[in-house]
Amino acid sequence: MNTLSSTTGNISLDPSAAFGSDGSGARVTASRDARASGVKLAVRNLTMRYGNGHTALRDFNLSVKAGEMVVVLGSNGSGKSTLMKCVVGLNRPTAGSVEVAGCDLAALSGNALRQARLPLALISQNANLVKRRSVLANVCCGALGRHRTLATALGRLPRDEIETSRACLEEVGLLHLAGQRASTLSGGQAQRVAVARALVQRPHVLLADEPVASLDPEAADEVMRLLRRLATEDGLAVVCVLHQPELAARYADRLVGLRKGELDFDRHASEVPSAQIARLYVGDAS
Ligand SMILES: Nc1ncnc2c1ncn2[C@@H]1O[C@H](COP(=O)(O)OP(=O)(O)O)[C@@H](O)[C@H]1O
Ligand SMILES: [Mg+2]
């Protein structure tokens, strides 16, 4: 049953029936703005000390430009997720600053901070899709940050947002699955849907915390190829945490090594000796 008005859509409807056939015109505008070159993410002197007194990140610096893909490597507990959480605002850093697309987040609060965070998107190891809902409905959730209204609380979005969501699904090669339940997807497909949901946010900066950790090698490669393309073709600044140095070397422009919460190296991917990477994973040895 289609209850759409002319300007809004109910995102729980069967999308193939409700939204017409033409998703073609709506190329992803998600990251167009990000194409302008320049630093999109600047992390400066970031320190994170948790409530229990543990310092998980110390005086950390990172700068990522539009079109660049940086892979962060480090052993378990080295502070990779802490870094990601500080950047997206899930952790409140003890010291230092995070600048996104030219906005210093520390200087903002309330609605201004929410707006400044919109160009940031995070994907995680698990796609975290709502399994009983359609693929398209899941992707549409990426637009909710722009629409804090009663209508969206009831599951209705402007029609152009639904077209944007369809375009983002097309961007990850899964538009043909728009009407399918998320529960039916393979792990690799689910992660690509999570990427599409992130793209709906129109991010300038895409963070990925171990996005391929639960995927088989082929699916992992596909997700990495997608992230690489989003950097190269759409101009996103991509920061990806990985545990596979060989994947990192294949796809990253730069490799960043984290060791006990401190920067160990930040170099062009082809310039990092494998022994230096291996040292990240050997406990206290130096
Ligand atoms: N909420 C927290 N409270 C206290 N310590 C934490 C918290 N979250 C993470 N840590 C600690 O901070 C360190 C870094 O954690 P994390 O950033 O998750 O590492 P990684 O993602 O590199 O495995 C670890 O020693 C971890 O136990
Ligand atoms: Mg982690």
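1. Strand β2 (residues 39-49) is joined to β3 by 7 bridges, and the two strands run antiparallel. Within this pairing, L41 has V64 of β3 standing opposite. The coordinates behind this and every later point belong to a predicted model, and the remarks below should be read as a description of that prediction.

2. On pairing with β5, strand β2 again takes the antiparallel sense, here over 5 bridges, and T47 has A95 in β5 as its bridge partner. β5 in turn pairs with β6, also in the antiparallel sense, over 2 bridges, with V100 standing opposite C103 of β6. The hairpin that links β5 and β6 has 2 residues between the strands, and in that hairpin A101 takes a positive phi near 45°.

3. Taken together, these pairings belong to an open sheet of 4 strands, in the order β3-β2-β5-β6 and with antiparallel pairing. Its edges are formed by β3 (55-65) and β6 (103-104), each of which pairs on one side only. Helix α2 lies across β2, β3 and β5 (95-100), and runs at about 65° to β3.

4. A second open sheet is built from 6 strands in the order β7-β9-β10-β4-β11-β12, and here the pairing is mixed. The edge positions are held by β7 (120-123) and β12, and because each has a single partner strand, one side of each is left without a neighbour in the sheet. On average, and with direction ignored, neighbouring strands of this sheet are turned by 15° against each other. Helix α2 packs on this sheet as well, where the strands touched are β4, β7, β9 (205-209), β10 and β11, and the direction of the helix makes about 150° with that of β9.

5. Strand β4 (residues 69-73) and strand β10 (residues 237-241) pair in the parallel sense over 4 bridges, and V71 stands opposite C240 in β10. By contrast, strand β11 (residues 254-259) pairs with strand β12 (residues 262-268) in the antiparallel sense, over 6 bridges, and the bridge partner of R259 is E262 in β12. The hairpin of β11 and β12 has 2 residues between the strands, and K260 in that hairpin takes a positive phi near 50°.

6. On the α6 side the contact involves T164, S165, C168, L169 and E171, which meet A196, L199 and V200 in α7. By class, this contact has 5 nonpolar, 2 polar and 1 charged residues.

7. How do the axes of α7 and helix α8 (residues 217-234) cross, and within what distance do they come? They cross at roughly 15° and come within 9 Å, which makes α7 roughly parallel to α8. The crossing of α7 and α8 is right-handed. The residues of α7 that take part are G187, G188, Q191, R192 and V195, and they meet A219, E222, V223 and L226 in α8. Of the residues in this contact, 4 are nonpolar, 3 polar and 2 charged.

Definitions and conventions:
Residues are numbered from 1 along each chain as its sequence is written. Chains are lettered from A and ligands numbered from 1 in the order in which they are written. This is a predicted model: local features need pLDDT of at least 70, side-chain atom pairs count only at pLDDT 80 or more; totals for chains, interfaces and linings use all residues. Two strands pair if DSSP finds at least two bridges between them. Two residues are in contact if their C-beta atoms, placed from the backbone, lie within 7 Å. Axes are lines fitted to C-alpha atoms, for helices over the stretch in contact, and angles run from 0 to 180 degrees between N-to-C directions. Ala, Val, Leu, Ile, Met, Phe, Trp, Tyr, Cys and Pro count as nonpolar, Asp, Glu, Lys and Arg as charged, and the others, Gly among them, as polar. Angles under 35 degrees count as roughly parallel, over 145 as roughly antiparallel, 65 to 115 as roughly perpendicular and the rest as oblique. A crossing is left-handed if the near helix is turned anticlockwise from the far one by less than a right angle, and right-handed if clockwise.
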